[in-house]
Amino acid sequence: MEAIFRIVAGPGAGKEFRLAEGVHACGRDAGNAIALDDPAASRVHFELCLSAEGVVLVDRGSRNATLVNGDPVREWRLSPGDRIGAGATVLEYVGVPEARAGESPGRTTIVCSLAPGTDFLARLRARPIPEEFARTRRDLALLCDFAAAAAGAASSEDLLSGLLASALSIPGAERAWFLAWDATKGAFSIAAASAHGEGPKEKGPSQTLARQVKEGRSSLLVLDAVADPAFAGAASLAGARVRSAMGVPLAPRERFLGVLEVTAAQGGVFDEEDLRLASALAHQAALALDSLSHVEELSRENALLRERVRAGSRILGESAGIRRVLSSIEKVAPLPSTILVRGESGTGKELVAQAIHQASPRSGRPFVSLNCAALPEGLLESELFGHEKGAFTGADRMRAGRFEQAHGGTLFLDEVGELSLACQAKFLRVLEAGRFQRVGGTEELAVDVRVVAATHRDLEAMAKKGEFREDLLYRLGAMPIEIPPLRERREDIVLLADEFLAHFRERIGRRVTGFDPAAQEAIEKHEWPGNVRELKNAVERAVALGEEETIGLADLPASIRRSPAGEGGGEWPTLERIEEDYIRKVLEHSAGNKTRAARILGIERSTLYKKMRARASEGL
């Protein structure tokens, strides 16, 4: 090994020395390997010990000390760029020269192999070190211990516990607290506390110290609280005869979290080095606590969103038809099979698909939906399979399709009967082989997706006409689920209406207690051609536009108000008679207020007057 040293200041500046392995003396003696023309240097000021492991400087009892980077040392392992002071002379350790072509550079890197779990701190503590560096090593070991604990903390509580344990490791510390700042209340609260043994019960954290730390956003060292007038009224310090204390802010990224307080044992006094150590611990803790709090907040939000999804995908009903649907979901959800959900528009096919996803092993992965009837044929294939950049006009970048977005999860395709025959062929290949190409692409992509398809159309009739592939129909129809229309499960209507009422009452923020008898009867007797979707929209309209605490017949859409009393209810009234009865009920509901009645009826007030005059003989 060869090392280069250069005088950068003092007598002989610019002179360079190349030293081989071995021990080399440096001083003003002419026989030294590095002879300094400096009367302020000792005859042998220091020695340089060069080996394959590096360069170690050893002071030889010089009169004016040997400095490394401005600090006096007795022994020091040098690194390239270190500057050595001897008298008025400054030498720089340049480093190891680069190997010339054909030469072996020699070994300049120390390579060691340590088994996993090696205790580096134990190795550090075991090495001999000069007395003046003992405290530095102790503080460094304490910081390393806490850094490791903070990295492994699973929660904010674990992190704060580790912080207080480390703070109590500062010599002389008796008690430690973390006072969390509540911005909404404008006050501190004790989030964590620790002490050596039980400690005096009357001792607590100092709110005075915490407030001063917060106001100044800086660390504070109290040398003598008893004598300091700033703490004369602080019962937790001067009143408890606590002489010395430290307060350190935890304020990552301008976000003030709280204060770490540490008090010394009776008679003990902290110094500035103790404050620096406490500040370093608090800085590490603040960053870790900030990250943990974000993770915990995201976890809470994630759990809340999952619960909302589960609540939103609940299928309500007590009818035999719904019980069959729920039984089918329970059976097919654990399977990887493709599912075909059939039913009229508005029966809740996507709700069934969500329930299948939530009950399946894929529940933690994406649920992606696409309505095939909502897109023109030219865009549908791109939406499903994605496209490459330049595949068509406007494709200025690569775009992943719904299959890629749903990888590992569930893809719900509503109105699958609207797929073109060309798109059906690609769709069938994905179902059978799990592979596809993006539009305009040549690379085959593999995907793991569970497909739930839905339709209200007669796919068998479409297959006979050549509008739907028979092989795709067989592939989809292996696991069918049929949702009955709402008119075939009338016992569920009021249950659903009450659920929608509670939902929209909270969402809109209006006090509504329920449906009056006439409105409930109309809801039960209506044929509901739009099924659950129609019922939901009707309840939302009634809650939003109604003015009474109960929803009346007048608050319901006209299509529901015009429903007959039900089969077997007697002679069906004429349209004219229905209008007369309805106007009468609206007027009764409006207490004779014709402006309000006209608004409910959706007609002009002048039109209402004309109808009333035309039927004056009927008692209107």
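**Helices, strands and contacts**

Guide: In this predicted model, helix H13 (residues 493–508) and helix H15 (residues 531–545) have axes that come within 9 Å and cross at roughly 45°.

Visitor: Which residues make the contact between H13 and H15?

Guide: On the H13 side, Ile493, Leu496, Ala497, Phe500, Leu501, Phe504, Arg505 and Ile508 take part. On the H15 side, the contact is made by Val532, Leu535, Lys536, Val539, Glu540, Val543 and Ala544.

Visitor: What makes helix H2 and H3 count as roughly antiparallel?

Guide: The axes of helix H2 (residues 134–151) and H3 cross at roughly 170° and come within 9 Å. Angles over 145 degrees count as roughly antiparallel, so H2 and H3 belong to that class. Leu142, Phe146 and Ala150 of H2 make the contact with Leu159, Gly162, Leu163 and Ser166 of H3.

Visitor: How do you know that the length of H3 agrees with its number of residues?

Guide: The expected span is 1.5 Å times one less than the number of residues. For the 12 residues of H3 (residues 156–167) this should be 16 Å, and the end C-alpha atoms are 16 Å apart, so the two agree.

Visitor: Which residues of H3 are buried?

Guide: They are Ser156, Leu159, Leu160, Gly162, Leu163, Leu164, Ser166 and Ala167. To be called buried, a residue must have under 20% relative accessible area.

Visitor: What makes H6 oblique to H7?

Guide: Helix H6 (residues 320–332) packs against helix H7 (residues 349–358) at an angle of about 40°, with the axes 9 Å apart. Roughly parallel needs an angle under 35 degrees, and roughly perpendicular begins at 65, so H6 is oblique to H7. Their crossing is right-handed. Val325, Ile329 and Val332 in H6 meet Val352, Ala355 and Ile356 in H7.

Visitor: Where do the buried residues of H7 pack?

Guide: The buried residues are Lys349, Val352, Ala353, Ala355, Ile356 and His357. They pack against H6, strand E17 (339–342), E18, E19, strand E22 (450–455) and strand E23 (480–482).

Visitor: How do you know that the side chains along E18 alternate?

Guide: In strand E18 (residues 367–371), Val368 and Leu370 point to one face and are buried.

Visitor: What makes E18 and E19 a pair?

Guide: Two strands pair if there are at least two bridges between them. E18 and strand E19 (residues 410–414) have 5 bridges, in the parallel sense, so they qualify as a pair. Ser369 stands opposite Phe412 in E19.

Visitor: Why are E2 and E8 called edge strands?

Guide: An open sheet of 6 strands has the order E2-E1-E11-E10-E7-E8, with antiparallel pairing. Strand E2 (16–20) and strand E8 (71–73) each pair on one side only. The twist averages 35° from one strand to the next. For E8, 3 bridges join the strand to E7 (residues 66–68), antiparallel, and Val68 has Asp71 in E8 as its bridge partner.

Visitor: Why does His589 count as partly exposed?

Guide: Buried means under 20% relative accessible area and exposed means over 50%. His589 has 27%, between those limits, so the residue counts as partly exposed. His589 is in helix H17 (residues 575–589).

Visitor: Which residues does His589 contact, leaving aside its neighbours within four places in sequence?

Guide: These are Glu548, Ala554, Arg596 and Ile600. Glu548 is 41 residues from His589 along the chain, with 9.7 Å between their C-alpha atoms. Ile600 is found in helix H18 (residues 594–601). With its neighbours within four places set aside, Ile600 contacts Ala554, Tyr582, Val586, His589 and Ser590.

Note on methods. Residues numbered from 1 in each chain as written. Predicted model: local features only at pLDDT ≥ 70, side-chain atom pairs only at ≥ 80, totals over all residues. Heavy atoms only, no water. Helix = DSSP H or I, 4+ residues; strand = E, 2+ residues; numbered from the N terminus. Axes fitted to C-alpha atoms, helices over the stretch in contact; angles between N-to-C directions. Buried < 20%, exposed > 50% of the residue type's maximum accessible area, 1.4 Å probe, protein only. Contact = heavy atoms within 4.5 Å. Parallel < 35°, antiparallel > 145°, perpendicular 65-115°, else oblique. Left-handed = near helix turned anticlockwise from the far one by under 90°.
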